[in-house]
Amino acid sequence: MPHTEIGGHRLALSNLDKVLYPSTGFTKGEAIHYYASVADTLLPHLEGRPLSFLRYPDGVEGEKFFTKHVPRGTPDWVTTDEITVASKKPLHQVLLQDEASLVWAANLAALELHTPQWRVGHQGMADRLVFDLDPGEGADILDCRDVAEWLRDRAEQDGITLLPKTTGSKGLHLLAPIKRQDSSDASDYAKKLAREAAADLPDRAVSKMAKDLRPGKVFVDWSQNNQAKTTAAPYTLRAKDQPTVSTPVTWEELAEAGSVDDLVFVTADLPDRIKSHGDLLAPLLKGSGAKSPRVKLPS
């Protein structure tokens with residue numbers, strides 16, 4: 001079994017040739033390499049946030065395991081913490097705080113990394129706002145773009161700067177840094193704007209979860225601001241046909257996209273993209289020097 005040493009930690013790597021994405025032949029070794037290559041950009045977005053993993057040990061067409069608890073056999077150098085919110089009893093969850101831990105998780109075939117909008121030091125107190133734009137049957141990411149632009153302009157009226165990323169699936173995520181506040185306040189504000197979008201764009205947007213309302217429209221999912229919910233992290237892989245990545249984009253890129261394919265990014269795209277664009281979601285990070293400060297959401 002091959003080994004590698006990262007940050008003074010010796011890791012055993014297993015089944016590197018195992019194909020995790022059958023349609024492309026993408027292997028576990030390639031997944032590990034991807035996460036190592038973007039670690040410097042990804043890890044700041046995971047800092048202090050408990051991880052929920054989606055593991056696919058037999059590939060994306062096999063059985064998946066949603067893991068919140070610390071996996072059995074986790075090395076003692078991997079950071080863990082007790083999570084007391086949104087659960088009847090405390091959970092112990094993993095926090096990926098360094099490259100060695102990230103590679104360790106990738107070796108477990110933890111392809112998808114999901115985090116809440118709060119950090120462990122202030123559990124249940126959101127420091128990010130998120131909208132998940134999910135296209136219904138007959139709609140696509142270009143329809144999400146139209147709704148996203150409406151939300152961007154509406155949020156700007158309250159001094160909030162929304163930043164877009166692809167979900168790595170069919171839709172878009174919009175995120176903003178906010179002053180630390182109760183997750184229920186963030187959820188209420190997001191719900192308010194979702195309802196306004198549905199009222200102002202009745203042919204394009206819905207704010208209710210009922211699937212029979214969604215065909216041809218975009219569901220503005222505000223619920224991921226709830227303290228119990230998680231969202232796919234920036235730069236995480238997604239378990240789709242291809243090794244797609246939840247990728248930050250510019251508003252200009254969204255406006256100029258002429259097809260769905262223009263907004264699909266796979267692992268091979270990310271290193272050069274990060275080199276040329278930097279981290280487009282840097283304003284989410286504390287002390288990033290963002291032009292717009294963290295703001296308190298209006299009631």
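Trainee: Which residues in α3 are buried?
Mentor: This is a predicted model. In α3, the buried residues are Ala-100, Ser-101, Leu-102, Val-103, Trp-104, Ala-105, Ala-106 and Asn-107.

Trainee: How many of the residues of α3 is that?
Mentor: 8 of 9, so the helix, residues 99–107, is mostly covered.

Trainee: What comes just after α3?
Mentor: Ala-109 comes there, with a positive phi of about 60 degrees.

Trainee: Switching to sheets. What is the strand order in the open sheet of 5 strands?
Mentor: The order is β11-β12-β10-β14-β13. Pairing is mixed.

Trainee: Which strands stand at the edges?
Mentor: β11 (163–166) and β13 (205–206). Each has a single partner strand, so one side of each has no neighbour in the sheet.

Trainee: And which helix packs on that sheet?
Mentor: Helix α5, residues 183–200. It touches β10, β12, β13 and β14 (218–221). The direction of α5 makes about 30 degrees with that of β10.

Trainee: How many bridges join β10 to β12?
Mentor: 8. Strand β10 covers residues 125–135 and β12 covers residues 172–182. They run antiparallel.

Trainee: Which residue in β12 is the bridge partner of Asp-132?
Mentor: His-173.

Trainee: What about the open sheet of 4 strands: parallel or antiparallel?
Mentor: Antiparallel, in the order β6-β5-β9-β15. The edge strands are β6 (65–67) and β15 (231–232). Each has a single partner, so one side of each is left without a neighbour in the sheet.

Trainee: How many bridges link β5 and β9?
Mentor: 4, between residues 52–55 of β5 and residues 110–115 of β9. Leu-54 stands opposite Glu-112 in β9.

Trainee: New topic, aromatics. How many aromatic pairs are there?
Mentor: The count comes to 2. In one of them, the ring centres of Tyr-21 and Phe-26 are 5.4 Å apart. Their planes stand at 85 degrees, so the pair is edge-to-face.

Trainee: What cut-off makes a pair edge-to-face?
Mentor: Planes over 60 degrees apart count as edge-to-face.

Trainee: Is Tyr-21 buried or exposed?
Mentor: Buried, with a relative accessible area of 0%. Phe-26 also counts as buried, at 8% relative accessibility.

Trainee: Where does the charged end of Arg-152 sit?
Mentor: Over the ring of Trp-251, 4.7 Å from its centre.

Trainee: And the charged end of Arg-273, where is that?
Mentor: Over the ring of Phe-265, 4.5 Å from the ring centre.

Technical notes: Residues numbered from 1 in each chain as written. Predicted model: local features only at pLDDT ≥ 70, side-chain atom pairs only at ≥ 80, totals over all residues. Heavy atoms only, no water. Pairing = 2+ DSSP bridges. Helix = DSSP H or I, 4+ residues; strand = E, 2+ residues; numbered from the N terminus. Contact = heavy atoms within 4.5 Å. Axes fitted to C-alpha atoms, helices over the stretch in contact; angles between N-to-C directions. Phe/Tyr/Trp six-rings, centres within 6.5 Å; stacked < 30°, edge-to-face > 60°. Buried < 20%, exposed > 50% of the residue type's maximum accessible area, 1.4 Å probe, protein only. Lys NZ or Arg CZ within 6 Å of the ring centre and 35° of its normal.
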